Amino acid sequence: MSTSAEDNLNSNGDVNLVATASNSSAGNTKNVDIASKSILEVKRSKFNELVDWLKKWGFNVIDKSKDNKILGIEFQAEIQPQVPYSSGLSTPFYLEFQDDLEDGLIIRTTFELDKNIEIYLDSQNRAREIELTHIEIGQLVLPLRISIIREHPFIKLYKVIFITNLDKQFFLDSITDLMNSMSIIIGKWDERYYQIRPAQTKINKENKTKDLELEQILKK
């Protein structure tokens with residue numbers, strides 16, 4: 001009798017433990033889902049707030065979140081600069097919230113250098129000057145705390161911004177630094193182009209003249 005009673009008690013106890021473990025697992029999963037949803041809602045709220053700031057400051061902003069096909073990006077806005085860069089281009093930059101960055105966002109842009117300038121420099125055998133230009137660009141841009149990735153013929157610029165206690169001044173300064181970096185790159189690339197003088201042709205080097213009589217004298 002005693003043994004049978006103990007077996008029943010143990011059996012009931014085991015069932016209760018299994019049920020408790022199952023309920024605990026379901027509860028943990030539910031808590032994870034709630035936490036993930038909460039983080040996503042925080043990002044959504046902050047994204048909408050920043051977009052509103054940009055619009056109030058006069059930027060043309062397009063919400064690309066639904067059209068975005070890049071894996072890992074939850075929210076994305078395309079922003080046009082208020083004034084075209086020195087080259088006349090209006091290369092957009094992007095504001096993005098990514099799923100692997102819970103407490104931050106990224107502002108970034110991708111710029112393709114003027115191919116005509118590079119072709120010209122290559123034709124003048126100026127590979128050294130091209131590399132020096134990229135070094136100078138890094139020296140000018142990195143102090144602005146803008147990161148650079150060089151993927152020829154593109155240059156990618158980006159900055160990570162944490163959203164905790166993010167204020168308008170810091171956010172606007174970051175946007176301005178990104179656009180200034182773009183202007184610096186364009187300006188430095190153009191400067192190198194104008195610094196390189198075209199190679200002289202053979203005719204110029206020999207100072208040939210169309211005066212036939214003078215040519216005969218010079219040949220003697």
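1. Ser 65 counts as buried, because its relative accessibility is 19% and buried is defined as under 20% relative accessible area, exposed as over 50% and partly exposed as in between, with a 1.4 Å probe and protein chains only. The residue sits in the loop between strand 1 and strand 2; helices (H or I, at least four residues) and strands (E, at least two) are DSSP runs, numbered from the N terminus. The side chain of Ser 65 makes a polar contact of 2.7 Å with the side chain of Asp 63 and also reaches the backbone nitrogen of Gln 76 at 3.0 Å. A polar contact here is a pair of N or O atoms within 3.5 Å; within protein, one must be able to donate a hydrogen and the other to accept it, and residues adjacent in sequence count only if both atoms are side-chain atoms. Leaving aside neighbours within four places in sequence, Ser 65 is in contact (heavy atoms within 4.5 Å) with Phe 47, Glu 74, Phe 75 and Gln 76.

2. On provenance, this is a predicted model, in which local features need pLDDT of at least 70 and side-chain atom pairs count only at pLDDT 80 or more, whereas totals for chains, interfaces and linings use all residues. Residues are numbered from 1 along each chain as its sequence is written, and side-chain values use heavy atoms, with hydrogens and water left out.

3. As to the overall architecture, the protein has six helices and six strands, and from the N terminus on its elements follow the order α-β-β-β-β-α-α-β-β-α-α-α. Among contacts between residues at least 6 apart in sequence, 59% join residues at least 24 apart.

4. Seven aromatic pairs are found in a search of the whole structure. The rings of Trp 57 and Phe 171 have centres 6.1 Å apart and planes at 40°, so this pair is tilted; rings of Phe, Tyr and Trp (its six-membered ring) pair if their centres lie within 6.5 Å, and planes under 30 degrees apart count as stacked, over 60 as edge-to-face and the rest as tilted. The pair links distant parts of the chain, 114 residues apart, with Trp 57 in the loop between helix 1 (2–56) and strand 1 (60–63) and Phe 171 in helix 4. Trp 57 is partly exposed at 26% relative accessibility, whereas Phe 171 is buried at 0%.

5. Phe 47, Phe 75 and Phe 97 form one aromatic cluster. Of these, Phe 97 is touched by Lys 46, which also touches Ile 163 and Leu 166, when residues up to four places away in sequence are not counted. Lys 46 lies in helix 1 and, with a relative accessible area of 12%, is buried.

6. Helix 4 (residues 168–195) has 28 residues and reaches 40 Å from its first C-alpha to its last, close to the 40 Å expected at 1.5 Å a residue, where the expected span is 1.5 Å times one less than the number of residues. At the start of helix 4, a side-chain oxygen of Asp 167 comes to within 3.3 Å of the backbone nitrogen of Gln 169. The buried residues of helix 4 include Ile 175, Met 179, Met 182, Ile 186 and Trp 189, and among them are also Lys 188 and Arg 192.

7. Strand 5 (residues 147–151) and strand 6 (residues 154–162) run antiparallel and are joined by five bridges; two strands pair if DSSP finds at least two bridges between them. A hairpin connects strand 5 to strand 6 through two residues, and Ile 148 has Leu 157 in strand 6 as its bridge partner.

8. Two backbone angles deserve a second look. Most residues other than glycine have a negative phi. Arg 145, however, has a positive phi of about 60° although it is not a glycine; Arg 145 lies in the loop between helix 3 (127–141) and strand 5 and is exposed at 66% relative accessibility. Asn 165 likewise has a positive phi, near 60°; Asn 165 is in the loop between strand 6 and helix 4 and is exposed, with a relative accessible area of 74%.
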